[in-house]
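Please look at the sequence and the structure before reading on.

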Amino acid sequence: MPRYHVPEPPARLITPPARGITRRTVMTGLGAATLAAAMPRSGRADTLAADPWPGSAPDTLTSREVATGYNNFFEFGTSKSDPAEHAHHLNPTPWQIEVSGHAHAPGVIHMEDILSGFDLEERIYRLRCVEGWSKVIPWIGFPLQHLLARFDPTSDARYVEFETLHDPVQMPNQTGDDIDWPYREGLRMDEAMHPLTLLAVGMYGEMMPNQNGAPIRLVVPWKYGFKSIKSIVRIRLVSERPVSSWEALAPREYGFYANVNPEVRHPRWHQATERRLHDGGRIATEKFNGYGEQVAHLYAGMDLFENF
Ligand code: MTE
């Protein structure tokens with residue numbers, strides 16, 4: 001039987017009311033085949049997120065249908081429906097991640113060892129895209145810091161660089177030159193080690209759908225969605241700040257930090273409000289996407305623009 005209980009949340013993970021995060025330890029030591037069967041299903045998709053923590057108000061979840069049908073995954077095309085339509089080309093099994101660079105124990109970790117080797121939790125996070133829309137998604141995953149710890153970063157590891165699979169057969173739009181493939185992203189080490197930073201292997205109680213970044217993706221809830229890189233195959237621990245794909249393409253539009261900030265306009269989209277995909281309604285965008293209490297200290301002393 002899978003272990004499923006609601007733990008006491010560590011204080012640092014509790015978000016204030018209406019911030020849309022809950023956390024439940026849902027399983028331990030299960031293989032890929034059993035993930036879907038093991039996930040709890042009650043009171044979830046299409047409804048209010050269950051609220052296992054007193055004081056953290058539930059937020060309305062985006063339906064699974066919308067979350068898996070309206071996507072950005074440029075490896076499959078540039079329209080919002082392209083990923084759902086074309087992501088069947090991707091074969092996420094077998095899968096492995098290579099971790100290299102400034103680590104005492106660099107190496108490769110296979111997906112089965114990830115699924116069986118880390119305690120998976122459900123975390124309900126908002127995802128705020130730089131284009132001005134947002135979703136609320138129940139992810140299944142574990143903190144990135146747990147994976148990095150396995151490889152024992154050295155003190156020279158100041159940043160973490162991530163890469164998506166590069167295979168135009170599985171990712172047909174990689175034949176195009178929209179981006180200098182593979183898609184790359186990066187975090188500063190303290191951002192990567194922050195307990196909110198998640199490696200997600202599923203959502204809505206099921207294995208990660210291909211269009212959402214199967215079999216494993218990053219979720220950094222206080223940053224614009226483009227930082228949350230999908231279908232990761234490579235992680236490098238580096239000393240110099242990496243250049244992300246979007247930053248390389250349009251540095252005036254996509255900063256490295258990309259922290260959600262309603263006060264910093266994007267050249268093409270004002271960032272003061274966002275359209276919630278579950279009902280099309282608009283709400284005011286919150287600084288750090290509402291996670292400021294947990295993360296603002298990471299940016300003390302940085303100016304607003306640098307912060308973007
Ligand atoms: N990762 C890769 N490899 N390729 C992409 O095109 N798009 C990003 C991010 N991760 C993207 C990616 C953007 S712009 C957003 S908003 C989110 O994924 C969207 O995630 P979702 O489709 O699961 O909502």
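Trp246 and Tyr254 are both buried in this predicted model. Their ring centres are 5.3 Å apart and the planes meet at 55°, so this pair counts as tilted, because planes under 30 degrees apart would be stacked and planes over 60 edge-to-face. The notes below go through other aromatic rings, and then a sheet with a helix on it.

**Aromatic pairs**

- The count of aromatic pairs is eleven.
- Tyr70 and Trp133 make an edge-to-face pair, with 5.3 Å from centre to centre and 90° between the planes.
- Which parts of the chain does the pair of Tyr70 and Trp133 tie together? Tyr70 is in the loop between helix H2 (64-67) and helix H3 (82-86), while Trp133 belongs to strand S5 (residues 133-143), so the pair links parts that lie 63 residues apart in sequence.
- Tyr70 is partly exposed, as its relative accessible area is 23%.
- One aromatic cluster is made up of Tyr159, Phe256, Tyr257, Phe288 and Tyr299.

**Charges over rings**

- Phe256, a member of that cluster, has the charged end of Lys227 over its ring, 4.2 Å from the ring centre.
- Arg150 is placed over the face of Phe118, and the distance to the ring centre is 4.2 Å.

**The five-stranded sheet**

- Five strands form an open sheet in the order S3-S2-S11-S6-S7, and their pairing is mixed.
- Strand S2 (residues 96-101) and strand S11 (residues 232-238) run parallel and are joined by four bridges.
- Glu98 has Arg234 as its bridge partner in S11.

**The helix on the sheet**

- Which strands does helix H5 (residues 144-151) touch? Helix H5 packs on the sheet and touches S2, S3, strand S6 (159-164), S7 and S11.
- The direction of helix H5 makes about 135° with that of S3.

How values were computed
Residues are numbered from 1 along each chain as its sequence is written. This is a predicted model: local features need pLDDT of at least 70, side-chain atom pairs count only at pLDDT 80 or more; totals for chains, interfaces and linings use all residues. Side-chain values use heavy atoms; hydrogens and water are left out. Rings of Phe, Tyr and Trp (its six-membered ring) pair if their centres lie within 6.5 Å; planes under 30 degrees apart count as stacked, over 60 as edge-to-face and the rest as tilted. Helices (H or I, at least four residues) and strands (E, at least two) are DSSP runs, numbered from the N terminus. Buried means under 20% relative accessible area, exposed over 50%, partly exposed in between (1.4 Å probe, protein chains only). A charge sits over a ring if NZ of Lys or CZ of Arg is within 6 Å of the ring centre and within 35 degrees of the ring normal. Two strands pair if DSSP finds at least two bridges between them. Contact means heavy atoms within 4.5 Å. Axes are lines fitted to C-alpha atoms, for helices over the stretch in contact, and angles run from 0 to 180 degrees between N-to-C directions.
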